[in-house]
Amino acid sequence: MSNKTLSILGIIAAVMIVLAALQARLARERMAPAASGSTYLIQGLDIAKVAKIVLGTGSNTVTLTRDQNNQFVITNKENYPATIREVNSLLNACLDIKVNAPITSNPDNHADLEVSEEKASKAAKFYDAQDNLITGILIGKSAGEGGGTYVRLANSNEVYQTSSSTWIRTNAADFFEKELLKVKEEDIVEVKVTAPDYAYTITNEAGKDPVLNPVPEGKKVRPAECKTVLSALANLNLTDVMKNLPSGELKFDRSYVCRVKNSTVYTIEIAKQDDKAYIRCGAEFTDTTPVMKENREESEEELKKKEEKLLARDAAETFTKKHSGWIYELSNWQMKNLTKDLKDLVEDIPAEKPAEEAKPETPEAPAAAPSTPPAEASPNQQ
């Protein structure tokens, strides 16, 4: 090979090295925040590797941890399941944060911008299965006239200004399912309420007023109040959750039993303590007739009824399994609807007014004759 050929090959190799270096530099620049425009604060987070999420700072942190079923649970709430929807919403909110060029990289400025560990208003940190910090965000104060919020990565000193206001959920209550049960009033057949001082049944029939039993003597039903009892499960929302307490700490001496058209019976046990209300709940599918395949061609209507029955049975089993071993706290107004006192469902029957006695007719007196004034005496008679 001639010297000329070797020289050409050397030049080509040098060019290739320069091009490779340039390409690497461009790649690094694409990953870094641009001086103009904005880029994502968190880049390249592998969600599958996130085993723990810590929200907040200091002593007010909330921890979400993956369990053996690969689902996040709320460690602060005795490993109650976190809703997938809210966990995904948190992840998306963090990954969607866009920032402009860095404002500062001096740690001495973190406290003033409220992005320090002690002063951050919101924080979310992501850890792997070995409890190593993958990444995280610290959200500071509003950037003022420029808009947006000051933020920084938990493992970096650089502070950025976001393109828009930044907000994430960091309370434990934000991550459990608040809607415990949703039963439409028109699907309810009957509700039975029991308490230490009273018990009653309300029967529901479409197009008619609710039927209350018993109705105390001298009372009549207040249909609108009965309907508030029937609709108590329309939006049964919880405010807190805890594991079953040792026997005796809460006295579940009230119950609300609701039977719906598809043969499901929901049982809500209720305890009152101070100004709070607690419930335990479960469901039972009472139609024990087996679902059998007929030795003939079944109609679509028949198949649909069988499918609905199987779905209702599975739903009751799932509901009971999900809520077994848990106690839920309710708002007072919801508890009052579940355990409305019998006296509030009735009112007094108005007393009948006594018939007025007929007065005997008095004959009209004859009209008096008009009186004639005496004639004046004439002068001759005087």
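Which residue's side chain does a polar contact join to that of lysine 77? In this predicted model, the side chain of lysine 77 is joined to that of aspartate 240 by a polar contact of 2.9 Å. Lysine 77 is placed in the loop between β4 (72-74) and β5 (80-81), and with a relative accessible area of 19% it falls under the 20% limit, so lysine 77 counts as buried. When neighbours within four places in sequence are left aside, the residues in contact with lysine 77 are Ala172, Asp240, Val241 and Trp326.

The description now turns to the strands. Strands of a sheet pair through backbone hydrogen bonds, and this pairing may be parallel or antiparallel. Here, an open sheet is formed by 9 strands in the order β11-β16-β20-β19-β18-β17-β12-β13-β14, with antiparallel pairing. β11 (179-181) and β14 (211-213) stand at the edges and have a single partner strand each, so that one side of each lacks a neighbour in the sheet. On average, and with direction ignored, neighbouring strands of this sheet are turned by 30° against each other. Within the sheet, β12 (residues 188-195) and β17 (residues 254-260) run antiparallel and are joined by 6 bridges, and isoleucine 188 has valine 260 as its bridge partner in β17. Helix α5 (residues 300-323) lies across β11, β18 (264-273), β19 (276-285) and β20 (326-330), and runs at about 145° to β19.

The largest nonpolar core contains 70 residues, of which Leu64, Ile137 and Tyr256 touch the most other members. The element that gives the most to this core is β19, with 5 residues. Not counting residues up to four places away in sequence, tyrosine 256 touches residues that include Val191, Val193, Leu230, Leu233, Tyr266, Ile268, Ile270 and Leu338.

Strand β7 (residues 122-127) pairs with strand β8 (residues 133-142) in the antiparallel sense over 6 bridges, and glycine 136 in β8 is the bridge partner of lysine 125. The hairpin of β7 and β8 has 5 residues between the strands, and in this hairpin aspartate 131 takes a positive phi near 65°. β8 also pairs in the antiparallel sense with strand β9 (residues 149-153), over 4 bridges, and the bridge partner of serine 142 in β9 is threonine 149.

Definitions and conventions:
Residues are numbered from 1 along each chain as its sequence is written. This is a predicted model: local features need pLDDT of at least 70, side-chain atom pairs count only at pLDDT 80 or more; totals for chains, interfaces and linings use all residues. Side-chain values use heavy atoms; hydrogens and water are left out. Two strands pair if DSSP finds at least two bridges between them. Helices (H or I, at least four residues) and strands (E, at least two) are DSSP runs, numbered from the N terminus. Axes are lines fitted to C-alpha atoms, for helices over the stretch in contact, and angles run from 0 to 180 degrees between N-to-C directions. Contact means heavy atoms within 4.5 Å. A nonpolar core is a set of buried Ala, Val, Leu, Ile, Met, Phe, Trp, Tyr and Cys residues joined through side-chain atoms within 4.5 Å. Buried means under 20% relative accessible area, exposed over 50%, partly exposed in between (1.4 Å probe, protein chains only). A polar contact is a pair of N or O atoms within 3.5 Å; within protein, one must be able to donate a hydrogen and the other to accept it, and residues adjacent in sequence count only if both atoms are side-chain atoms.
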